[in-house]
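Here are some exercises to work through with the model open in your viewer. Try each one yourself before reading the solution.

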Amino acid sequence: MPTEFPIMVLCQPDPGKSCGACCGLYNYVDSSRESLVKRLSARTRRYHEMVKGPEDLPRYAKATFAAEDFRKRYEVIYCCEYLGFLDAEEKKVGCLVHPLQNGGVDMRTVSFYGRDVCAGHLCPSHHFIPRSQQLILLKIIDDWYLYGLCLTDIDLVVSWFRLVADRVGEELKPEAFERQDLKEAALQYFRWKMTWPFRCEEANRLGKYYFDGSQYMISHIDYEKFGRDISPLNAILLSLSSEFHAAEELDQAEKMIWSNVEALALLYRGRL
Ligand code: SF4
Ligand code: SF4
């Protein structure tokens, strides 16, 4: 496992964003930003109104299950009722029963996974996204919704950085991303996680995985149908949940990604 030590914990990196993906944040059938904001805001309000101590948690949970639609994308991933907003500005998603939210009292013992799993879990992105790429993501993304979506999609991140680094001739340096034009060019790519025009709108799908009712399957793009070899951008196209109905769409999608990679590389080379 290509871990660099010490591991930098990516869950709550700064005041501008955080991630709640492993608490089931994106696993609701409707995981649009609008729907999640409504859900998390209501929960946070309810929590602060109802919970003064551990004895109030069952009442809070009952009210939350009654108020929300808990249908999931993947049945095997739990959607935790204790995920909410941690700040008044709603910039940070996180655990409402964490000791930092409750005057030092750790109430994660009530969680589905149990306190130890909640406190100790570090997702694979900590190990498989190189440190320099993690740091660049932290510099360019200041939005909890986009941050969690991108951070947990290792292929989306690592494949793109590899393409740009190949053109630049070196690994990208985080300090270069203080520059606004570089940030914007990088963000153009990562925002496609939300706005990709070739995204398959099938509900039971997140990135390259789908759930067939019994197990995870990796989706695939039928290149043969278009008389094409597998695209060199296949990993990215899958991460963006692409579905193509004609060869022209595939061409257009590839062109968009290559243009972005070339633009970023040009800007980066001109940085000195
Ligand atoms: S998915 Fe990873 S980064 Fe996000 S909260 Fe879980 S462990 Fe942290
Ligand atoms: S109790 Fe565990 S799963 Fe639930 S929000 Fe907190 S950390 Fe996430």
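**Exercise 1. In which loop is Glu90 found?**

Solution. Before starting, note that this is a predicted model, in which local features need pLDDT of at least 70, side-chain atom pairs count only at pLDDT 80 or more, and totals for chains, interfaces and linings use all residues. Residues are numbered from 1 along each chain as its sequence is written, chains are lettered from A and ligands numbered from 1 in the order in which they are written, and side-chain values use heavy atoms, with hydrogens and water left out.

Step 1: find strand E1 (83-85) and strand E2 (93-95); Glu90 sits in the loop between them. Helices (H or I, at least four residues) and strands (E, at least two) are DSSP runs, numbered from the N terminus.
Step 2: check the backbone. Glu90 has a phi near 60 degrees, which is positive although the residue isn't glycine.
Step 3: Glu90 is partly exposed because its relative accessible area is 29%, where buried means under 20%, exposed over 50% and partly exposed in between (1.4 Å probe, protein chains only).

**Exercise 2. Work out where Ser241 lies and whether it is buried or exposed.**

Solution. Step 1: go to the loop between helix H9 (234-239) and helix H10 (247-269), which holds Ser241.
Step 1: read its phi, near 55 degrees, another positive value in a residue other than glycine.
Step 2: its relative accessibility is 0%, so Ser241 counts as buried.

**Exercise 3. Describe the surroundings of Asn102.**

Solution. Step 1: Asn102 belongs to the loop between E2 and helix H3 (115-120).
Step 1: with 16% relative accessibility, Asn102 counts as buried.
Step 2: The Asn102 side chain comes to 2.8 Å from the backbone oxygen of Leu96. A polar contact is a pair of N or O atoms within 3.5 Å; within protein, one must be able to donate a hydrogen and the other to accept it, and residues adjacent in sequence count only if both atoms are side-chain atoms.
Step 3: list the contacts (heavy atoms within 4.5 Å). Setting aside residues up to four places away in sequence, Asn102 touches Tyr47, Leu96, Val97 and Met107.

**Exercise 4. How do helix H1 and helix H2 pack?**

Solution. Step 1: H1 covers residues 33-50 and H2 residues 57-67; their axes are 10 Å apart, at an angle of about 150 degrees. Axes are lines fitted to C-alpha atoms, for helices over the stretch in contact, and angles run from 0 to 180 degrees between N-to-C directions.
Step 1: classify the angle. H1 and H2 are therefore roughly antiparallel; under 35 degrees counts as roughly parallel, over 145 as roughly antiparallel, 65 to 115 as roughly perpendicular and the rest as oblique.
Step 2: name the residues. From H1, Arg43, Arg46, Tyr47 and Met50 meet Leu57, Arg59, Tyr60, Ala63, Thr64 and Ala67 of H2.

**Exercise 5. Which residues of helix H5 are buried, and what do they pack against?**

Solution. Step 1: in H5 (residues 131-140), the buried residues are Gln133, Gln134, Ile136, Leu137, Leu138 and Ile140.
Step 1: these pack against helix H4 (125-128), helix H6 (144-151), helix H7 (154-168) and helix H8 (180-195).
Step 2: take H8. Its axis and that of H5 are 10 Å apart, at about 95 degrees, so H5 and H8 are roughly perpendicular. Leu137, Lys139 and Ile140 of H5 make the contact with Lys183, Ala186, Leu187 and Phe190 of H8.
Step 3: Beyond its neighbours within four places in sequence, Glu171 contacts Gln133, Ala165 and Tyr268.

**Exercise 6. What does Ile257 touch?**

Solution. Step 1: Ile257 lies in H10, and with 0% relative accessibility it counts as buried.
Step 1: leaving out residues up to four places away in sequence, Ile257 touches Trp192, Trp196, Leu233, Ile236, Leu237 and Leu240.
Step 2: compare Ser159 in H7, which touches Ile154, Ala235 and Ile236 under that sequence cut-off of four places. At 12% relative accessibility, Ser159 counts as buried.
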